[in-house]
Amino acid sequence: LGHISGNVKSDDDDNDTGDTNLDGVTVELLDNTGAVIDTATTDGSGNYEFSDVVPGNYQVRQTNLTGYGDVSDIDAGDLNLIDVAIAAGETSAGNNFVDELGHISGNVKSDDDDNDTGDTNLENVTVELLDNGNAIATTTTDADGNYEFSSVLPGNYQVRQVNLTGYGDVTDTVLDVNIGAGETNTGNDFVDELGRISG
């Protein structure tokens, strides 16, 4: 008889491709009426399989783990549903899903001309992710002034930067960020500046 198999991975670096196998994801096999006729869970390698499938048209549907959203680009439009047609004794492999947790990103720049806008990217600025005022993750900006927090569960957070020595704030030091399941929240930017003396 036929076999239907696939894999479920998480996208860890927000590039829309799978990186890490996900264990314990529930996958259902639906017949052509939409009724669930079998259920499987992914193993330690993120793989699942349905065996002894008679010829026909089916759909494979996954249930996201808590906090995960969908990345998979599936033509059917439903990112959790894959159409599968099985002929006698056929094996249909590669019915894969990609999910992701949330991502929070932004940039830190310096205001060099005192016009309250960012001009030069600032490297090695410490940025903290806060949950109810408590720091739960810390990162630093790269050479382009960018930072990112990945694998963020849904919820309400704050992002706080720690100024480099001598810098003051042009924008707010703490930003409120709300994340849904698998959502990417960008543009959480900061602008700082050094002092000026004029006359």
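Helices (H or I, at least four residues) and strands (E, at least two) are DSSP runs, numbered from the N terminus. By this definition, Gln161 is found in strand 16 (residues 155-162). The structure is a predicted model, in which local features need pLDDT of at least 70 and side-chain atom pairs count only at pLDDT 80 or more, while totals for chains, interfaces and linings use all residues. Residues are numbered from 1 along each chain as its sequence is written, and side-chain values use heavy atoms, with hydrogens and water left out.

**Surroundings of Gln161**

Gln161 has a relative accessible area of 2% and is therefore buried (under 20% relative accessible area; exposed is over 50% and partly exposed in between, with a 1.4 Å probe and protein chains only). Residues up to four places away in sequence aside, Gln161 touches Val108, Val125, Thr126, Val127, Asp169, Thr173, Phe190 and Asp192, a contact being heavy atoms within 4.5 Å. The side chain of Gln161 also makes a polar contact of 3.0 Å with the side chain of Asn163. A polar contact is a pair of N or O atoms within 3.5 Å; within protein, one must be able to donate a hydrogen and the other to accept it, and residues adjacent in sequence count only if both atoms are side-chain atoms.

**Nonpolar cores**

A nonpolar core is a set of buried Ala, Val, Leu, Ile, Met, Phe, Trp, Tyr and Cys residues joined through side-chain atoms within 4.5 Å. The largest has 18 residues, and Ile4, Leu29, Tyr48, Phe50, Val53 and Val60 have the most contacts inside it. At least two residues of this core come from each of strand 1 (2-10), strand 3 (26-30), strand 5 (47-53), strand 6 (56-63) and strand 8 (81-86). A second, separate core of 15 residues includes Leu122, Phe149, Val159 and Ile179.

**Aromatic pairs**

The whole structure contains three aromatic pairs. Rings of Phe, Tyr and Trp (its six-membered ring) pair if their centres lie within 6.5 Å; planes under 30 degrees apart count as stacked, over 60 as edge-to-face and the rest as tilted. Two of the pairs are tabulated here.

| Pair | Centre to centre | Angle between planes | Type |
|---|---|---|---|
| Tyr147 and Phe149 | 5.9 Å | 65° | edge-to-face |
| Tyr147 and Phe190 | 6.5 Å | 35° | tilted |

Tyr147 lies in strand 15 (residues 146-152) and Phe190 in strand 20 (residues 190-193), so their pair ties together parts that are 43 residues apart in sequence. Tyr147 and Phe149 are both buried, and Phe190 is buried as well. Ring pairs link Tyr147, Phe149 and Phe190 into a cluster.
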